[in-house]
Amino acid sequence: MNKIVSKEYFSANVIKFEVEAPLIAKARKAGHFVMVKVGLKGERIPLTIADADLQKGTITLVVQKMGVSSSKLCALEVGEYITDMVGPLGKATHIENFGTVVCACGGVGTAPMLPIVAALKKAGNKVVTVIAARTKDLIILEEQMREYSDEVIVMTDDGSYGNKGLVTNGVESVINREKVDLCVTIGPAIMMKFVSLLTKKYEVPTLASLNTIMVDGTGMCGACRVSVGGKTKFVCVDGPEFDAHLVDFDEMLMRLGGYRDIEREDMAKMA
Amino acid sequence: MQNKEDRSAAWRDELRKSMKAKERTDIPRVHMPELDPVYRSHSRVEEVNLGLTAEMAMLEAKRCLDCANPTCMLGCPVGIDIPRFVKNIERGEFLEAAKTLKETSALPAVCGRVCPQEKQCEGQCMHLKMKKEPVAVGHLERFAADYERESGNISVPETAPANHIKIAVVGSGPAGLAFAGDMAKFGYEVVVFEALHEIGGVLKYGIPEFRLPNDIVDVEIQNLQSMGVHFVTNCVVGKTISIQDLEDDGFKGIFVASGAGLPRFMNIKGENLVGVMSSNEYLTRVNLMDAASEDSDTPVFKGKKVAIIGGGNTAMDSVRTARRLGAERAMIVYRRSEEEMPARVEEVKHAKEEGIDFLTLHNPIEYIGNEQGRVTQMLLQVMELGQPDASGRRSPIEIPGKTELIDVDMVVVSVGVSPNPLIPQSVKGLEVSKWGTVIVNNDTMQSAVPIIFAGGDIVRGGATVILAMGDGRRAAKAMDEWIKKG
């Protein structure tokens, strides 16, 4: 049981929670995730840790309301409890001074990118962060990103804020003007696929943090498996970060959609 | 160990003399009452085996000869005093029988249901030497444990006075529970850390309700709790807390029983299609997450044409689950013949009664999917048996050019597991085999890091509940001696 100590709406469907979890707060590093389950008959879902406060003994999670499980989590209020939470899981992001790093994030992927940006900056990198969303209201954590980044480029599909265009346009503009040593990308699978295609063209090494379906999150079930360089890997224990140029994103997208029909029925029941 | 004193007790002596050996061996072996196969193949949670009545159990107990040198006990990994508990059933002292079981086994109601008795106690029964069926030790064990539980008179095993020495257990599966039980009896303060949200490990996520109800596992766990064992869920040792944290926290011994983590796949084309999954995933969804219930948020496929790849107990559990979830055709695909199948005889029998198809001497070589990436067919290679291989079983050989294409909408891959990598990855100095198992001294279960002992599937790779429990017991004995030595 983990108590929710704060809840903030980034937008109607994107919510930031601070949750009591002193042991996880102490052990977590950038890139780690937790498994969360709401209710006795809840589903276990993976969420990447966005931040931690050692003094308060809390971790920060940013959740987008999508299906049954994320909606149940988003319905929880301050003072209520997440039934089960376990972590930190996965391998932490490998941080060193690479030189210039472009961090390309979209949607709620921006939240788990924040600790990576902070850690990269601390290690001496020049960090250029590209945040993308459909529209102005969905751009999150811009101010915090500015705190740790050398530069923040905001992209919106509709041009309502920052530059008009996709995340890839932002990344490409940086690559065109200076030497980029590494790109890190977190966001919807389709977004990461296109970032990866772009950076492959320019031969910029790229890491993608994958968020696949998981049941236990500790290496037991294999639901999260992805093909990386033709080999099957488990996102939960081998990842969640992989060389984006080797990830079979099409297979990953196909597997992510595996339970869509069942999920749709369940959402209909909930409504 | 057999209690010789008890064997010569007056009641037992009298009981032995009350019937001639010939009369005992002439009694036919009891048949376990079972749910009707057609009915049960559609009933997801009802237990297949219904248990013996008191009359049946007492009659079956009469069959036991109460041998002076009970060979059955040699076959028991935890060393249950089998003749003593059986003779207590014969004389109607069922609670005493249960107490006897609990002296050496932390989980008698579990073992009575899932042990491969035909390879252990019953496989060494004296009756076999006389060409008779062995005493149904497993059924009797289950009877005694169930009787005690249902009587409401559950005995708590005696524990030595508390010595206030803290011992940590990593994993709450059968090895961890058996170890915890013994250490609590020795007077230690035992804390069990479990990564999942439920206690019980494979007993909860792996073995289905129809073979081992979760309620029964819970009673055994409560029994350990009343002996003073503490449980912490949602805690991954090696991630949430480290081995070092445990040492800093004053734990004087650590038993790693983190189980078989990674499911194995065959690395064949199409294995990552939607609808192809490991038995760990399938069973965890259905058993731990209760995904087939209306009120569970976890989804699960309810395939109509389901293939399970493998011939072990997990494969049988998966195929029988698929049948219960509505599969019109549920198939076992196994590359050797039925004779080489590692599953318990009873599971194979039950599966057949429930209408499972056995495609033995077949091996999948490719899965084929539709535009959505869902599996629709499997390509099987037909096999034949050749010479015995390293395992002593006749090895399967491909018959060139002979393949079959079969329609499926779900495939469960059940070809084994590799040890959980979390602990081996996170502890310095631990010796790990090329298979990823933790290397220990086989007698003491102590690892290369003296404070760490290990047992169960993290050491064996993939074995049975009872072998894991045997490891837990041996580790407890050895750790107790090691700590006392200082």
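**A helix in chain B**

Modeller: Twelve of the 15 residues of α11(B) are buried, so the helix is largely enclosed by the rest of the structure; a residue counts as buried if 20 or more other C-beta atoms, placed from the backbone, lie within 10 Å of its own. This is a predicted model, in which local features need pLDDT of at least 70 and side-chain atom pairs count only at pLDDT 80 or more, while totals for chains, interfaces and linings use all residues. Residues are numbered from 1 along each chain as its sequence is written, and chains are lettered from A and ligands numbered from 1 in the order in which they are written.

The buried residues of α11(B) are B:Val137, B:Gly138, B:His139, B:Leu140, B:Glu141, B:Arg142, B:Phe143, B:Ala144, B:Ala145, B:Asp146, B:Tyr147 and B:Glu148. These buried residues pack against α5 (54-62), α6 (71-74), α7 (82-90), α8 (94-104) and α9 (108-114) of chain B, where contact requires C-beta atoms, placed from the backbone, to lie within 7 Å. Helices here are DSSP runs (H or I, at least four residues), numbered from the N terminus.

As for length, helix α11 of chain B covers residues 137-151, and at 1.5 Å a residue its 15 residues should span 21 Å, which agrees with the 21 Å between its end C-alpha atoms; the expected span is 1.5 Å times one less than the number of residues. After α11(B) comes B:Gly152, whose phi is positive, near 80°.

Turning to the partner chain, 32 residues of chain B are in contact with 34 residues of chain A. On the side of chain B that touches chain A, α16(B) gives the most, with four residues.

Definitions and conventions: Helix = DSSP H or I, 4+ residues; strand = E, 2+ residues; numbered from the N terminus. Contact = placed C-beta atoms within 7 Å.
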